[in-house]
Amino acid sequence: MKKLLRREEGSAHLLLFALFGIIAAAFLWVTAFNWMMQTHSLTKTKPLLDRATHAASLNIDKREAALGRLVWDSARGTDDFYKYLRLNLKLGPELTPLSRSHLKEAPIVHHLEYVTNPTYPYVLNRTLTVHSSTDRQTTRSVNVTIYGPSIVAIIEVNRSLLGQPRSEPVVLSSVASVRFR
């Protein structure tokens with residue numbers, strides 16, 4: 001038994017395998033941590049975006065509504081959307097994050113539109129290209145089901161990654177119905 005313990009053949013192999021195991025565990029930890037931070041950021045940002053979209057959907061033209069037509073007041077709706085987006089996400093006038101904001105970079109509003117269709121439910125498809133004309137160009141597809149006249153907002157927020165100098169774009173969509181229930 002003592003002879004087996006004194007033999008040191010293969011010790012470098014064991015050390016190398018242990019090193020590979022530690023590297024793999026560290027890689028998995030960083031990947032899992034980045035995923036958890038992205039999920040946390042999404043769960044904070046998505047409800048705040050939904051509230052801003054809902055605020056925009058409340059602005060219908062009252063004169064048209066009195067005649068039985070549902071028409072969105074785009075100027076007031078857009079103003080309310082940006083107002084509540086700034087208030088909820090704690091952004092400055094130019095959508096730059098204030099010190100109290102959980103965002104590190106300004107969100108980018110890609111779409112804010114009033115959507116109608118002759119038949120419902122309707123699947124709205126939008127394709128976005130983020131970081132266009134760069135080596136990080138990415139195409140994101142957004143598919144949203146709407147069940148009546150609705151306001152659709154699609155924004156991009158950037159979240160920094162642990163261990164990397166760049167940030168990852170996250171595309172969020174929100175739908176708020178404009179119809180009476």
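1. Contacts of S150. In this predicted model, S150 touches E113, Y114 and V115 on one stretch of sequence and V175, A176, S177 and V178 on another, leaving aside residues up to four places away. S150 is placed in strand β4, which covers residues 150–160. Its relative accessibility is 2%, and because the cut-off for buried is under 20%, S150 counts as buried. A polar atom of the S150 side chain lies 2.7 Å from the backbone oxygen of G148.

2. Overall make-up. The protein has four helices and five strands. Read from the N terminus, the order of elements is α-α-α-α-β-β-β-β-β. Of the 181 residues, 29% count as buried. Among contacts with a separation of 6 or more, 58% are between residues 24 or more positions apart.

3. The α2/α4 pair. Two packed helices are described by the angle between their axes and the distance between the axes. For helix α2 (residues 11–57) and helix α4 (residues 74–89), the angle is about 155° and the axes are 7 Å apart. The angle makes α2 roughly antiparallel to α4, since the cut-off for that class is over 145 degrees. The crossing of α2 past α4 is right-handed. On the α2 side the contact is made by T45, L48, L49, R51, A52, T53, A55 and A56. On the α4 side it is made by G77, D80, F81, Y84, L85, N88 and L89.

4. W72. This residue lies in the loop between α3 (62–66) and α4. Although placed in a loop, W72 counts as buried, at 10% relative accessibility. Which residues does W72 touch, not counting those up to four places away in sequence? They are A56, S57, N59, I60, G77, T78, Y114 and I151. A56 and G77 are also among the residues that make the contact between α2 and α4. A polar atom of the W72 side chain lies 2.7 Å from the backbone oxygen of A56. W72 and I151 are 79 residues apart along the chain, with their C-alpha atoms separated by 8.9 Å. Y114 is touched by W72 and also by S150.

5. Backbone geometry to check. Most residues other than glycine have a negative phi, and most peptide bonds are trans. K90, which is not a glycine, has a positive phi of about 55°. L95, likewise not a glycine, has a positive phi of about 65°. K90 is found in the loop between α4 and β1, and L95 is found in that loop as well. Are these residues buried or exposed? K90 is partly exposed, with a relative accessible area of 33%, whereas L95 counts as buried at 12% relative accessibility. A cis peptide bond joins Y120 and P121, with omega at about 0°. P121 lies in the loop between β1 (108–115) and β2 (122–130).

6. N158. Strand β4 also holds N158. Its relative accessible area is 8%, and therefore N158 is buried. The N158 side chain makes a polar contact with the side chain of E105, at 3.3 Å. E105 is also one of the residues that N158 touches, together with H131, S167, E168 and P169, not counting residues up to four places away in sequence.

7. V130. The place of V130 is in strand β2. At 1% relative accessibility, V130 counts as buried. Beyond residues up to four places away in sequence, V130 touches H110, R136, Q137, T138, E156, P169 and V171. P169 is touched by V130 and also by N158. V130 and V170 are 40 residues apart in sequence, and their C-alpha atoms are 9.4 Å apart in space.

Conventions: Residues numbered from 1 in each chain as written. Predicted model: local features only at pLDDT ≥ 70, side-chain atom pairs only at ≥ 80, totals over all residues. Heavy atoms only, no water. Helix = DSSP H or I, 4+ residues; strand = E, 2+ residues; numbered from the N terminus. Buried < 20%, exposed > 50% of the residue type's maximum accessible area, 1.4 Å probe, protein only. Polar contact = N/O pair within 3.5 Å; in protein donor to acceptor, adjacent residues only side chain to side chain. Contact = heavy atoms within 4.5 Å. Axes fitted to C-alpha atoms, helices over the stretch in contact; angles between N-to-C directions. Parallel < 35°, antiparallel > 145°, perpendicular 65-115°, else oblique. Left-handed = near helix turned anticlockwise from the far one by under 90°.
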